[in-house]
Amino acid sequence: MRNKGETGEAQNMIIEKIRKIAGDENVIVLGTGPASAMADEPAGCRPGDFMAGVQSLLCFGIPVPLEAYGSKKYSLEIVWRSQNLLYRRLDTLALRFSGLLEENGFRSMPTYGCMPLGVNQKGAVVGYLNQVRMAEITGMGVIGKNGLLLHPRYGSRLMLGGLLTTASLPAMHDPDVKAPGCPSDCHVCSDACPVNAIVPEKKQVRIMRCLSYTARTPAMSRLKFFFLRMRNKLDAARYMSITSFDEHTFHICSRCVSLCPYGDRQ
Ligand code: SF4
Ligand code: SF4
């Protein structure tokens with residue numbers, strides 16, 4: 001068994017290895033933070049609900065290219081393809097980093113972007129760990145009125161990956177930048193939302209209202225989903241996960257991201 005000093009050295013060494021891999025993989029934003037900072041998340045969605053002895057969060061992100069949102073033609077398709085490829089890349093990296101931690105004597109669990117989905121008591125579709133919150137705690141930005149992470153340079157365009165671990169990772173934010181948050185007089189996202197799904201004062205999106213409008217999932221029968229949701233929420237969530245992930249869902253709206261002036265568009 002390692003003594004305390006050796007454990008600290010091991011954790012510093014792991015962070016340096018992760019930084020090196022992240023640099024080689026062109027992961028632009030990376031940070032760590034304490035898992036205890038998510039203790040105020042709803043019961044069932046806290047890091048400790050998934051892993052005994054969890055100490056740290058690691059989060060990282062890669063932006064969708066700005067011009068994907070600005071393209072004069074096929075912007076939605078280009079964003080869709082970019083996001084799907086980035087999710088795979090980020091989730092694969094989360095697996096790789098988790099393996100690295102495990103090989104060095106710490107437990108670790110990847111937290112995939114959007115996966116798996118759950119259905120809460122009110123029947124709304126929810127994620128299982130709030131990755132946007134993880135990103136805020138790990139110093140990557142602040143949550144905006146559109147409910148997304150706002151990075152000082154990349155605005156709402158960052159796609160996120162992450163993990164939980166029993167290692168006490170040293171505090172680290174690459175790059176070390178401060179995000180001021182939404183200007184108080186900006187309402188671009190909530191004004192642009194075609195279904196009034198954004199609640200800016202709570203920094204939240206009414207997810208079912210948003211999804212009902214924007215999501216196109218040809219492989220999923222809405223009737224079957226509603227029937228399953230009445231009978232067994234876990235079955236409904238799994239059905240949605242199987243039929244909706246990755247390129248199985250096309251979104252016809254991304255106005256709350258594409259019109260957000262935050263970051264390098266300012
Ligand atoms: S994606 Fe579209 S529908 Fe959903 S919250 Fe953003 S603007 Fe509204
Ligand atoms: S559009 Fe304005 S209010 Fe909405 S998230 Fe972007 S900066 Fe914040």
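Colleague: How many bridges join strand 2 to strand 8, and in which sense do they run?

Modeller: Eight bridges join strand 2 to strand 8 (residues 158–165), and the two run antiparallel. One example is serine 56, whose bridge partner in strand 8 is threonine 165. Before we go on: this is a predicted model, where local features need pLDDT of at least 70, side-chain atom pairs count only at pLDDT 80 or more, and totals for chains, interfaces and linings use all residues. Residues are numbered from 1 along each chain as its sequence is written, while chains are lettered from A and ligands numbered from 1 in the order in which they are written.

Colleague: What makes strand 1 and strand 2 a pair?

Modeller: Two strands pair if DSSP finds at least two bridges between them. Strand 1 (residues 29–34) and strand 2 have six bridges, in the antiparallel sense, so they pair. Within this pairing, glycine 33 stands opposite leucine 57 in strand 2. Strands here are DSSP runs of E with at least two residues, and helices are runs of H or I with at least four, both numbered from the N terminus.

Colleague: Why is strand 2 described as largely enclosed?

Modeller: A residue is buried if 20 or more other C-beta atoms lie within 10 Å of its own, exposed if 12 or fewer, and partly exposed in between, with C-beta atoms placed from the backbone. Eight of the eight residues of strand 2 (residues 56–63) are buried, so the rest of the structure largely encloses it. In a regular strand the side chains alternate between the two faces of the sheet. Both faces of strand 2 are covered, with Ser56, Leu58, Phe60 and Ile62 buried on one side and Leu57, Cys59, Gly61 and Pro63 on the other.

Colleague: Is tyrosine 74 buried or exposed?

Modeller: Tyrosine 74 has 11 C-beta neighbours inside 10 Å, so it counts as exposed. Tyrosine 74 lies in the loop between helix 2 (66–70) and helix 3 (75–103), and its phi is near 55°, a positive value in a residue other than glycine.

Colleague: And why is aspartate 246 called partly exposed?

Modeller: Aspartate 246 has 13 other C-beta atoms within 10 Å, so it falls in the partly exposed range. Aspartate 246 also has a positive phi, of about 50°.
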